[in-house]
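Subject: Handing over the structure

Dear colleague,

I am passing on the structure below, and after it you will find notes on what was found in it. Please read them with the structure open beside you.

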Amino acid sequence: MDFFIAEAGEPGAPLVLCLHGFPECWASWRYQLPALAQSGYHAVAPDLRGYGETGGPDDVDAYRQSRLVADVIALIDALGAKRAVLVGHDWGCALSWEVARRHPDRVAALVGLSVPYGGPAPQPPTRAMRDLFGDHFFYMLYFQRPEVPERELEADVEDSLRRLFHSLSADGIDDFRVSPDDTRVLAAMCPPETPPRWMRDEDLAYYVARFRKTGFTGALNWYRAMDASWEESRGDNHWTLDAPTLFLGGMQDPVVLFSQKALARMPDYVPDLTTVMLDQCGHWIQMEQAVEVNREILNFLAAKGLQPPG
């Protein structure tokens with residue numbers, strides 16, 4: 001399939017491939033691409049499978065991790081690089097871990113944002129979630145339902161995205177409450193009173209236009225394929241990530257708070273690990289704290305001898 005990419009810097013320079021999460025697109029890296037290019041890298045951010053101008057099929061099976069990993073390797077090949085630095089956020093972070101695990105020779109370094117790497121899981125993800133949450137609402141389980149999440153999110157795309165971005169940010173997390181009776185993902189989320197500095201109205205409009213075009217099915221299928229991805233990796237034996245790795249987390253990020261066990265296990269599976277936690281930062285870390293994230297990424301790459309020559 002063909003991928004839409006945004007890029008900055010000169011082709012042939014060290015490749016930094018930035019992989020977005022949900023519900024996003026390449027523009028989530030709008031603050032990183034110029035900084036990386038100015039430092040001499042070839043910075044590229046695609047709209048991933050199911051998103052934006054790339055789009056994708058409605059078949060859930062097309063979103064198994066093996067398919068998504070193959071997409072990333074194809075992108076590295078198409079960009080003329082032998083190896084890439086992978087920078088991933090949210091689902092893009094989980095995907096970066098998988099690419100590095102399956103193709104260590106293609107990854108020069110890893111920068112993971114918001115989703116810690118905890119190694120192999122002992123049971124299918126949805127079973128673990130049901131054991132943990134019981135009858136309580138959990139968005140990943142809600143996203144397993146066919147058509148229902150799409151109807152909710154697509155009823156008013158602008159309002160949906162405004163609520164999601166605000167409620168999982170450091171500014172909105174104190175207003176984010178989920179009760180056992182919630183049956184919709186947006187039920188506990190409020191829109192911001194004023195647009196945040198990192199998501200202006202014109203920024204949001206860019207995301208809105210893309211999801212109005214594609215809908216949410218492709219993006220939600222990443223969640224719906226979780227158990228199939230787990231099943232196909234059950235026989236794998238190599239779970240160590242050999243590449244130099246930087247993990248960046250927001251101290252007010254609910255995903256990080258939910259993933260404390262994985263965060264504690266990371267050193268067991270990532271021998272060359274640097275971890276930095278940013279205060280006053282929620283889930284949208286590369287946008288909420290763009291200057292700090294850029295500085296940490298560039299300092300990390302320089303410390304690992306991966307800065308461009310000259």
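Gln280 is exposed, since its relative accessible area is 54% (exposed means over 50% relative accessible area, buried under 20%, and partly exposed in between, with a 1.4 Å probe and protein chains only). This residue belongs to the loop between β7 (273-278) and α13 (285-288), where helices (H or I, at least four residues) and strands (E, at least two) are DSSP runs numbered from the N terminus. Although Gln280 is not a glycine, its phi is positive, at about 55°.

Before going further, please note that this is a predicted model, in which local features need pLDDT of at least 70 and side-chain atom pairs count only at pLDDT 80 or more, while totals for chains, interfaces and linings use all residues. Residues are numbered from 1 along each chain as its sequence is written, and side-chain values use heavy atoms, with hydrogens and water left out.

Asp90 also has a positive phi without being a glycine, with a value near 60°. It sits in the loop between β4 (84-89) and α3, and it is buried, because its relative accessible area is 9%.

An α-helix has 3.6 residues a turn, so residues three or four places apart point the same way. After α2 comes Gly80, with a positive phi near 75°.

In helix α6 (residues 148-155), the residues Val148, Pro149, Glu150, Glu152 and Leu153 are buried. These buried residues of α6 pack against α5 (139-142), α7 and α9 (217-224), where contact means heavy atoms within 4.5 Å.

**The nonpolar core**

The largest nonpolar core has 101 residues, and those with the most contacts inside it are Phe22, Leu33, Val87, Leu161, Phe165 and Leu248. Such a core is a set of buried Ala, Val, Leu, Ile, Met, Phe, Trp, Tyr and Cys residues joined through side-chain atoms within 4.5 Å. Helix α3 (residues 91-102) gives the most to this core, with 7 residues. If residues up to four places away in sequence are not counted, Leu33 touches Ala6, Ala8, Cys18, Trp26, Ala43, Val44 and Ala45.

**Cavity and pocket**

The structure holds 1 cavity of 30 Å³ or more, and the space in the largest cavity is about 60 Å³. On a 1 Å grid over the protein atoms alone, a cavity is a set of points where a 1.4 Å probe fits but cannot get out, a pocket is an open set with protein on both sides within 12 Å along at least five of seven lines, and lining residues have an atom within 4 Å of a point. Grid points are joined across faces, edges and corners, and a volume is the space filled by probe spheres set on the points.

Which residues line the largest cavity? They are Arg162, Phe165, His166, Pro192, Pro196, Met199 and Leu204, and helix α7 (residues 157-167) gives the most to this lining, with 3 residues.

The second largest pocket holds about 210 Å³ of space, and of its 14 lining residues, Ala13, Pro14, Leu15, Ala81 and Arg83 lie nearest its centre. Ala13 is found in the loop between β1 (5-8) and β2 (15-19), and it counts as partly exposed because its relative accessible area is 21%. Apart from neighbours within four places in sequence, Ala13 is in contact with Gly40, Tyr41 and His42.

Asp203, in helix α8 (residues 201-214), counts as buried because its relative accessibility is 8%. Neighbours within four places in sequence aside, Asp203 is in contact with Arg30, Tyr31 and Trp198.

With best regards
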